[in-house]
Amino acid sequence: MYTKYSIEEIEEKLKLRLNEERYIHSIGTMEMAKELSERFNNNTEKAILAGLLHDCAKCMSKEECEKYQEYFEESEKLSYKTWHAPIGAIIAKQDWGIKDDEILSAIRWHTIGRKNMTDFEKIIFLADKMEKRTREAEYREKIEKTLNKTENLDAAMLKCFKLTIKSLLKRKLPICYQTIDVYNDLLKKVKSVK
Ligand code: DGI
Ligand code: FE
Ligand code: FE
């Protein structure tokens with residue numbers, strides 16, 4: 001028991017906090033988290049909860065988010081788009097009674113990632129980027145291809161970071177230095193795998 005609420009109860013309440021597209025994305029992430037957790041022999045019950053709730057704070061206003069400043073990494077402060085991850089972990093605990101630390105940390109790190117993530121955290125990170133309901137096929141298929149070719153979670157993570165960094169550059173958005181740090185780390189790890 002990771003929370004006293006059923007999936008249906010969680011979904012009902014989540015619907016009220018998110019817009020339609022974000023809700024559909026959350027359902028897609030839940031489905032992909034289930035699929036990946038089975039494929040990589042991880043905890044499916046936990047993956048379903050983390051996938052469903054990972055973006056629970058995504059539709060909060062900037063003003064409301066700013067109240068949670070103390071929970072942001074220094075490097076996150078310049079990028080509003082990353083704030084829903086640390087806030088999401090707090091809200092998943094407060095509003096949905098999620099007690100499991102690994103579910104909460106998978107939500108916490110699903111946007112910028114961190115070094116030495118657990119396989120469970122990587123599965124949630126990847127499920128978010130690979131879900132089939134709202135992610136653009138061209139984007140998601142690149143990650144899927146890497147995963148199919150390597151069966152290696154780090155290789156797929158590296159692909160995600162490459163694509164994210166490229167897209168942030170293109171959109172002239174700030175890049176958290178932690179993102180670069182994780183990218184360098186994955187590069188080293190993936191090389192040693194091959
Ligand atoms: O919430 P989602 O759209 O499902 O996906 P996400 O949580 O992975 O990312 C949200 C946005 O955050 C995405 O457009 C990339 C952006 N972002 C902004 N600055 C950074 C960043 N992502 C990373 N990894 N690092 C950054 O510095
Ligand atoms: Fe997110
Ligand atoms: Fe997401």
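The dialogue below treats the ligand, the pocket and the cavity in turn.

Q: On what basis are the values to be read?
A: This is a predicted model, in which local features need pLDDT of at least 70 and side-chain atom pairs count only at pLDDT 80 or more, while totals for chains, interfaces and linings use all residues. Residues are numbered from 1 along each chain as its sequence is written, chains are lettered from A and ligands numbered from 1 in the order in which they are written, and side-chain values use heavy atoms, with hydrogens and water left out.

Q: How many residues surround ligand 1?
A: A residue is near a molecule if one of its heavy atoms lies within 4 Å of it. Here 21 residues surround ligand 1, the closest being Lys58, Thr111, Arg135, Cys176 and Thr179. This shell comprises five nonpolar, eight polar and eight charged residues; Ala, Val, Leu, Ile, Met, Phe, Trp, Tyr, Cys and Pro count as nonpolar, Asp, Glu, Lys and Arg as charged, and the others, Gly among them, as polar.

Q: Which distance separates a polar side-chain atom of Arg135 from an oxygen atom of ligand 1?
A: A polar contact is a pair of N or O atoms within 3.5 Å. In the side chain of His84, an N or O atom is 3.1 Å from an oxygen atom of ligand 1, and for the side chain of His110 the distance to a ligand oxygen is 3.1 Å. For Arg135, a polar side-chain atom lies 3.0 Å from an oxygen atom of ligand 1. Taken alone, ligand 1 exposes 560 Å², of which the protein buries 91% (Shrake-Rupley method, 1.4 Å probe).

Q: Where does ligand 1 sit?
A: Rolling a probe the size of a water molecule over the atoms shows where empty space is left. On a 1 Å grid over the protein atoms alone, a cavity is a set of points where a 1.4 Å probe fits but cannot get out, and a pocket is an open set with protein on both sides within 12 Å along at least five of seven lines; lining residues have an atom within 4 Å of a point. Ligand 1 takes up the space of the largest pocket (more than half of its atoms lie within 2 Å of the grid points).

Q: What is the volume of the largest pocket, and which residues are closest to its centre?
A: The largest pocket holds about 1,300 Å³ of space. Its lining has 38 residues, and Arg135, Tyr139, Thr164, Ser167 and Arg171 are the closest to its centre.

Q: How much space lies in the largest cavity?
A: The structure holds one cavity of 30 Å³ or more. About 60 Å³ of space lies in the largest cavity, and its lining includes Arg114, Asp154 and Lys189.

Notes. A polar contact is a pair of N or O atoms within 3.5 Å; within protein, one must be able to donate a hydrogen and the other to accept it, and residues adjacent in sequence count only if both atoms are side-chain atoms. Grid points are joined across faces, edges and corners, and a volume is the space filled by probe spheres set on the points.
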